[in-house]
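My entries follow in the order in which I looked.

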Amino acid sequence: MSEVIGIGSSPKRKEDARFVRGRGNYVADIKRPNMLVGVFHRSEHAHAILKSVDVSAALAVPGVRAVFTGEDMKADNVGGLPVGWGIKGKDGEPMKEPPHPPMAHGKVRYVGDAIAFVVAETEEQAQAASELVVVDYEVLPAVVGLVDALKPGAPAIYDEVENNLCCDWHLGDAPAVEAAFRSAAHVASIELVNNRLIGNPLEPRAAIGEYDFATGQYTLWTTSQFPHVVRLLMGEMVLHIPQHKLRVVAPDVGGGFGVKQFHYAEEAVVTWAAGRLGGAVKWVCQRSEGFVSDAHGRDHVTEAELALDEAGKFLAMRVKTLANMGAYLSTFGPNIPTNLYAPLLSGVYVIPSIYCEVKCVFTNTVPVDAYRGAGRPEATFVVERLVDLAAREMGIDKIEIRKRNMISRESYPYQTPVLVEYDSGDPRGCLDRAEVLADVAGFEARRAEAASRGKYLGLGISTYVEACGLAPSRLAGQLGARGGLYESATVRVHPSGVVTVLIGTHNHGQGHETTFAQIVSDHLGVPFEDVSIVCGDTDRVQFGMGTYGSRSLVVGGAALAKANDKVILKGRKIAAHQLEAALDDIIFEKGEFSVAGTDRKKSFVEIAGSAYVPFDYPLETLEPGLEEQAFYDPVNFTYPGGAHFAEVEIDPETGVVTIMRYTAVDDVGTVINPMIVHGQLHGGIAQGIGQALFEHGVYDQTSGQLLSGSFMDYCMPRADNLPNFLLEQHSTTCTHTPMGVKGCGECGTIGSPAAIISAVVDALKPLGVSHVDMPATPNHIWNIIRSSSARL
Ligand code: MCN
């Protein structure tokens, strides 16, 4: 396709040509000369003192080159992994940040904690030897539940952390909320659980460390969503490698979903081991190993209340949440249930005052961090469950109560009581359209028909707002974070006019090679096929903060747009020189620089060529070449939003929930590629349905063993669990991003859990059920139905 394909078109994804042919280049595919293979020996106990670690039998296995332990790393002055973002408690006290060594020494704190790293010539040798590492444990009592961990006398995971409490954080105006609750005509109260999720991207994590003795250069190939940040954190804090001597490469990555956005212990261990052994060392995570070593997501217990006046208008909201941190703080851990959760509790509603307290709690479980949506699905679930409950208790229709309390389109920009200011949106427009598409008017007839077959049919709804585009420095600073997150892009126009973009975001499934090429094609008027996107290599790309929090388009795309503008400006200067006109008279349109009001013009390709030819060039005022770089720090988050309707049918004999219809109307601002946005919504909704109906990370309360440690016990949604989704966009333009765009990567995951549970509860309404915790598995639903006296 040698044509311009701009913003708003849906070309097929460039990257799929290699993915669908099996030609991707993943970390596990990479082979380095004389590469060794490493396997971790991991703790089988949730909480234990390491009395001794005997590696002699493992070392004796033929082919084994080394067996390293946490004590070896400690002796080599290896630092701890990054543990926090400066969250402060209510009284301004800093959160507790106990050290997180890459391999345990002294004590293990969860099943899966790494104890030893066995390096051998082959994986089989390393695996066999790792089973011969003998650990003498003094087993300690473990605690995995949030409420239990805070109880006096609970096992202490760190001597220096009282009551296992990492921090007691809050946001909002408590006195105003108390006053509003005192004047309320009705208070709806709910206790709910946001279930623990385990990410499971298609490609398990992997890492290769390599040390080149001749140059003193380290290279890490890793399955990461943010290679530059890994270089920054690992180089500076953990291994103390100067940045110019450490290259981090994240090649093709087979899905991340948040799981690959942390700096993991294994990355540091392979790189350090490579340095010790003077070569390359590879580790590829086994699927079952991933269950106990990939950071988990969610895991909240919440009490929430909504105060309303007699007309059903919201007055105030009060939320208390316990958030599981696991045994160590992961890279962003405490940031998720605080800064990315509480500021979203206003949803799309006018709620005059809100107060939220969050206790972040250590337990003997895998560290918990971001998982697609990260804090925002949790907030949406709280708000939407409360709204449904209030509607039911006050006898108001659940769509009507939402309409009564929604922020009107005219009220934007809208300042919430929880710090953030929404710049744009039209929640009512989304809701009205979704109501029509979902054929809400015909629902009662469908419910009656289902009842005639002995089935319960329920209609559920969720509205949502998301804050994406992490993170405006201004807001991050106000929330107490140590830094904001900008993004950078370089646009390199080659002499022939073709373009290479070097960008700091990372593409691991979102279609950036396509959408970013569309942006360049649109802005510079160059053919879509003439644009290549490069990401994921710290030696090639100037700098970057990576991909998560649906930031790539709104922050990275904005940097790209800014760099395009700079290219155009320089091109105009060259054209002004060549066409002997004033700069102000040179206009750039559709790939041509022309003198306004004349037919004198130069094509983009001509200008690109002459930028590299000294005599075509105003040398006294410009440097040769056509390459521009831009950094962009957003001024605010962007706030996509929408309304999702789900219709579910429940079989009372089996408890199976079948999704009959799913309708969503979302607002993601200007759409670059409608097909890709559609795909992002599909994937996101599927993941939200996974949380609502299937997925649950379950620990044994006494031993701290992960009971859902394989796909036999951890149920992922499959294609036959999902209906066809009916999706539409109802876009409002973001007022502060260069192209008016908002993010879309997490929308589906944020809107869907609450919509599904709302539908499940509605279906069970005849039984008097007012809330169902996630996941609404057949067993869970069957038990609810069995225990009800009012069956159909
Ligand atoms: N897009 C667009 N128009 C818009 C918004 C986005 O065309 N108005 C396009 C973007 O250009 C990009 C895609 O949609 O190609 C997603 O954009 P964005 O919302 O910026 O999200 P990111 O690219 O930053 O991706 C992160 C987001 C998150 S946080 C998770 S988790 C997630 C997700 O995206 N993980 C994914 N989607 C995923 N999709 C795949 N296949 N794999 C993952 O690991």
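**Entry 1, domains.** I began with the contact between two domains and found that 17 residues of domain 2 are in contact with 20 residues of domain 3, contact being counted when the C-beta atoms of two residues, placed from the backbone, lie within 7 Å. I then sorted the side of domain 2 that touches domain 3 by class, and noted 9 nonpolar, 6 polar and 2 charged residues; here Ala, Val, Leu, Ile, Met, Phe, Trp, Tyr, Cys and Pro count as nonpolar, Asp, Glu, Lys and Arg as charged, and the others, Gly among them, as polar. The C-alpha centres of domain 2 and domain 3 are 36 Å apart. For the bounds I wrote down domain 1 (16-22 + 486-632), domain 2 (31-140 + 211-255 + 260-283) and domain 3 (296-471 + 636-786), which come from an automatic or database domain assignment.

I am working with a predicted model, in which local features need pLDDT of at least 70 and side-chain atom pairs count only at pLDDT 80 or more, while totals for chains, interfaces and linings use all residues. Residues are numbered from 1 along each chain as its sequence is written.

Which residues come nearest to the ligand? I found 34 residues around the ligand, and the nearest of them are Gly509, Thr515, Ser552, Ile672 and Gly745; a residue counts as near when its C-beta atom, placed from the backbone, lies within 6 Å. Two or more residues of this shell come from each of helix H15 (512-524), H16 and helix H18 (674-694), where helices (H or I, at least four residues) and strands (E, at least two) are DSSP runs numbered from the N terminus. H18 gives the most, with 4 residues. By class, I recorded 10 nonpolar, 20 polar and 4 charged residues in the shell around the ligand. Because domain 1 and domain 3 both give residues to this shell, the ligand lies between them.

After H16 comes Glu580, which has a positive phi near 50°.

I traced an open sheet in the order S19-S27-S28-S29, with mixed pairing, two strands being paired if DSSP finds at least two bridges between them. Strand S19 (456-465) and strand S29 (725-729) stand at its edges with a single partner strand each, so one side of each has no neighbour in the sheet. From one strand to the next the twist averages 10°. Strand S28 (residues 657-667) and S29 run parallel and are joined by 5 bridges, and I noted that Thr663 has Leu726 in S29 as its bridge partner. Helix H12 (residues 427-437) lies across S19, strand S27 (641-650), S28 and S29, at about 140° to S28; axes are lines fitted to C-alpha atoms, for helices over the stretch in contact, and angles run from 0 to 180 degrees between N-to-C directions. Helix H13 (residues 443-452) lies across S19 and S27, at about 140° to S19.

I looked up two cis peptide bonds. One joins Tyr412 and Pro413, with omega about 0°, and Pro413 is placed in the loop between helix H11 (398-405) and strand S17 (414-415). Another joins Met774 and Pro775, with omega about -5°, and Pro775 lies in the loop between helix H19 (747-763) and helix H20 (778-786). Lastly, I noted that Asp299, although not a glycine, has a positive phi of about 65°, and that Asp299 lies in strand S13 (residues 296-308).
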